[in-house]
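Take a look at the model below.

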Amino acid sequence: TGTLSRLSDDELRAALAHELAHAARRDPLMGWLLMVVRTLASFSPAAQVVARQVVQELEYRADVTVARLGHSAALSRAIAALADIPDSETDLVPPRSPRGFPRGLLARAERVAVGNRCERVFARPEPTRAGLGALRLGLAAVGMTALLFFVV
């Protein structure tokens, strides 16, 4: 109900279209798989960074889908509105700073990340698809596994 009260009708439609784009591409399944990988490779900072980048790309794909429908401005406003909620349970809001950590550093970094996400939808066209996507993904997975095995 908190989200419903913070978003206008057009922002809510854009947010729902974003979530439906995730469902259509089976992104929740990818999210669960990434969670398993991140847990199994919790010792590897490289695996954590790569997994986070994959999550950001999944978000970008859903954002682009909404932008193609003509709702990019509403989606950007919705993201900004939801990111500005103190003490909310969302990945758009940074966690509380650990003790001794400079206050505001995480909040500033998250504001920049949200701004970049909104700007990316407006400024950059959808990436072109290269052929052999599944083969490339498989080769990348094998390469990352070998790299993690031999380096760590």
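What follows goes from the whole chain to single residues.

This is a predicted model, in which local features need pLDDT of at least 70, side-chain atom pairs count only at pLDDT 80 or more, and totals for chains, interfaces and linings use all residues. Residues are numbered from 1 along each chain as its sequence is written, and side-chain values use heavy atoms, with hydrogens and water left out.

Start with the whole chain. It has seven helices and zero strands. Helices (H or I, at least four residues) and strands (E, at least two) are DSSP runs, numbered from the N terminus. The chain has 152 residues, and 25% of them count as buried. Buried means under 20% relative accessible area, exposed means over 50%, and partly exposed lies in between (1.4 Å probe, protein chains only). The accessible surface is about 10800 Å², and carbon and sulfur atoms make up 64% of it. Such areas come from the Shrake-Rupley method with a 1.4 Å probe; for residues, only the protein chains shown count as cover. A contact means heavy atoms within 4.5 Å. Among contacts with a separation of 6 or more, 65% join residues 24 or more positions apart.

Now turn to a pair of helices. Two packed helices are described by the angle between their axes and the distance between the axes. H3 covers residues 27-40, and H4 covers residues 45-68. Their axes are 10 Å apart, at an angle of about 170°. Axes are lines fitted to C-alpha atoms, for helices over the stretch in contact, and angles run from 0 to 180 degrees between N-to-C directions. H3 and H4 are therefore roughly antiparallel. Angles over 145 degrees count as roughly antiparallel, under 35 as roughly parallel, 65 to 115 as roughly perpendicular, and the rest as oblique.

Which residues of H3 meet H4? They are Asp27, Met30, Leu34 and Arg38. On the H4 side stand Gln48, Ala51, Val54, Val55, Leu58 and Arg61.

Asp27 is buried, at 7% relative accessibility. Leaving out residues up to four places away in sequence, Asp27 touches His22, Leu58 and Arg61. With Arg61, Asp27 forms a salt bridge, the closest N and O atoms being 2.9 Å apart. The pair ties together parts 34 residues apart in sequence, because Arg61 lies in H4 and Asp27 in H3. A salt bridge is a side-chain nitrogen of Lys or Arg within 4 Å of a carboxyl oxygen of Asp or Glu. Arg61 is partly exposed, with a relative accessible area of 32%.

The structure holds three salt bridges. Asp10 and Arg77 meet in one, at 2.4 Å, N to O. Asp10 lies in H2 (residues 9-24) and Arg77 in H5 (residues 72-83), so this pair ties together parts 67 residues apart in sequence. Glu11 and Arg77 meet in another, at 3.2 Å, N to O. Glu11 is in H2 as well, 66 residues from Arg77. Glu11 is buried at 9%, Asp10 is partly exposed at 28%, and Arg77 is partly exposed at 38%.

Finally, visit Ala47 in H4. Is Ala47 buried or exposed? Ala47 counts as buried, at 7% relative accessibility. Beyond its neighbours within four places in sequence, Ala47 is in contact with Ala41 and Leu148. Ala47 and Val37 are ten residues apart in sequence and 8.1 Å apart in space, C-alpha to C-alpha.
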